[in-house]
Amino acid sequence: MGKRTLILVLAMIGACQEEPAEEPMRPADFTAHPGVETVTVTGAEAGAELTLYDPEGEPLVTVVADELGTAHFSYIPGEHQILDLNDPDPLSLASGDVLPPGDGYVIQDDTTDPPAWSQPFDVLAVDDVASEEFYASQTLTGLHWSPLTGPDGDPESGYQYIEMRDGVKLGAMVRFPDKALYGEGPHPTVVEYSGYSPSRPDRPDNGSFIANALGFATVSVNMRGSGCSGGVFDVFNRAQAADGYDIIEVVAAQEWVLNGMVGMVGLSYPGVSQLYVGATNPPHLGAIVPLSVIADAWEMQWPGGIYNVGFTRSWVEERESQAQVGGQGWVSDRIAAGDAQCEENLAISHHSVDFETFLRSLKMRPASSDDRDLRLLVEQIEAPVFFGGQFQDEQTGPQFGEMLDRFYMSEDLRVLIGNGRHVDGYAPHAVERWFEFLEFHVAGRIPVLNPLIRQFGAGEFGGEFGMTDVSFGPDRFTGFDSFDEALQAYMAEPDVTLLFENGGDVERPGEPGGRWSVELPVWPPPVQDDLRWFLGPEGELAEEAPSVDASDAWAFDPEAGSSTFFGPRGYELMPPLWDVDWTVFEQGHMASYLTAPFEEDVVLTGPGIAELWLKSSVSEMDVQVTLTEVRPDGQELYIQSGWLRLGHRASEVGDDHRILRTYAEADHEPMPIGEWVSARVQVHSVAHPVREGSQLRVIVSTPGRDHGTWEFEPPAYEAGEAPTFELGVGGAHASSLFMSALPGIDIPEELPDCDGLRGQVCRPYAFVMNVAAE
């Protein structure tokens, strides 16, 4: 029933065709519900084989309707397939793509006689927005919420559904700030948007809780396919971005929103979502505060082209599990209590793709990944942005540094970065920064912290981090006569604040807050000194390249990939001090190189490049490059790492030591066995002070051991196979490390508490002699 059947369908609805229809056809009993790069079918017969045809009449994919007569189309395989939810073989999309926007799509039921067809429909694009009247027609209600006493009434009075442009309804919770502290309103308003549980009525997520306490109304929305929201869940797809646009425009139309402009807040998932939404540029988006985010979704799953079987995989699996019926207790409770809309919405939730299997199949980066690559999308964001990130973020990693100079269109970019952990954007030192930012750009007023929040808020927020003595800084702009003067002074401040030695206070080890800071106009810094060291045959890291050919050898470490640096207690999110067991690679399982003691203080910055000459006994090879500081007191401190699967070694070098590589199949080349190859490994963004007397160490090894939550799946070596590798350290194959230094910075003399430095684990330094290659 291929192209000819579609032509007959189009003829019956008025399309041009010279010949009359020769096959009997009938209109379908089912209904197609098109959305942004998706279409959902309801009302089909259970087991019906529903084929989607593109506007040219080509069959794209056939989906078997479930027992409820529903089907969902969002991903298109490279070749036509029949997909059945009951089929144990998962959908393979390694050569496929998302459903592209366009008009003239048709769905045909292949199991009826005669075949049944849908009316032609349009698959929407992100910029196919609804009318202003659509957004203004929706009314949202809420209740006041106190940071000290909780809701002023039944939380259910703030729970409701917001309709999207394609008819899908998303669960939302509206909370107004404490009436006694901030009055009746209207209030400055922010949205927290994720696939966690932001809309749960009885428990605000952290971003909403903090914003409420600071005087903002909050609208907390579950993404489609999560919580009680309708639609089918996906990971960072374009429909989620379009929904974010719709949410902002609906919320901005509410009479209780001050200035008719809306901000966004959130850390991690609700931080990432802000960047996707921001790139759609809703007209009434006032500002965003993305904290602790990823950069490229594919590289988050495949850092350096190596599959992340640790945090990323478990995060994806948890999202899939929670998106299913019964996956979250509070959702089940709502259905049991009679929320008919929630129950209706979840009827199609089981159509979500098995994303862990899907992402694992994408060993090569498809070109369509660019649609989810935030390094590209942030170039489109026009709203003001407050960005917070930590170079050693144990969950989302350090790749965010690659996009901080790409917010070309943003009206105002503020950046707060430094060493630290995933949650540090909610610590008091960060909260007071993004409070100021939102007051200027969303509230439109001079920032003044409520006296009660000033008295109790810092302790409340800091208590979550184990802080015992904390306070907010003074209101910095109350001395100006007008808002415009205060805003002008704020906008004149440097855009980037670089925190150093967060958690390193010797009196309060592990408590968040930098010991000192530097302000910069941009990141990476515009003025830096280039540094280069060569790896030597005696384990030295020197400024001159060794002239004699030499190489060191190491063997694959089968235990490294599954080893993190946490101790018996495992990963704990909030305690000031982690339980650390940072293991050392045994002799013969790494190659290690050490500088002479530094003769002066240096602020070391990245990204950097490890330019390595490598030889392998097998065609697949993974490598990890880790930088550490060996201090005069005998402690070794983690700085940063980089990873690479050598098949992806093809690369170019861009500005600021950034490596450009595609990870595409066309550029992939296995390692030639027993031959030297040159490869660049990106050491990701970092800023780290190295004091006089300390030494810099470079460790080359199998990936693993040096990260908290990322684990690395090695190549599928044959049983009993023990691959060996060589690293050139002289002559024609001299390997080296490129880094940068931030000039003119005075570093405090006192060493920070090594165990307390947030995100940077510490251990006693242990010398391990390299094994020279034969």
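I began with Arg-705, which counts as buried because its relative accessibility is 10% (buried means under 20% relative accessible area, exposed over 50% and partly exposed in between, with a 1.4 Å probe and protein chains only). The phi of Arg-705 is near 70°, a positive value in a residue other than glycine, and the residue lies in the loop between strand 35 and strand 36 (724-730); strands are DSSP runs of E with at least two residues, numbered from the N terminus.

I note for the record that this is a predicted model, in which local features need pLDDT of at least 70 and side-chain atom pairs count only at pLDDT 80 or more, while totals for chains, interfaces and linings use all residues. Residues are numbered from 1 along each chain as its sequence is written, and side-chain values use heavy atoms, with hydrogens and water left out.

I then looked up His-657, which is not a glycine but has a positive phi of about 60°. I placed His-657 in the loop between strand 32 (652-653) and strand 33 (659-660), and this residue counts as buried because its relative accessibility is 15%.

For cis peptide bonds, I looked at the one from Asp-113 to Pro-114, with omega near 5°, where Pro-114 lies in the loop between strand 10 (102-109) and strand 11 (116-117). I also looked at the cis bond that joins Gly-606 and Pro-607, with omega about 25°, and found Pro-607 in strand 29 (residues 602-616).

Finally I turned to Glu-692, which counts as exposed because its relative accessibility is 54%, and which sits in the loop between strand 34 (677-690) and strand 35 (695-701).

Technical notes: Helices (H or I, at least four residues) and strands (E, at least two) are DSSP runs, numbered from the N terminus.
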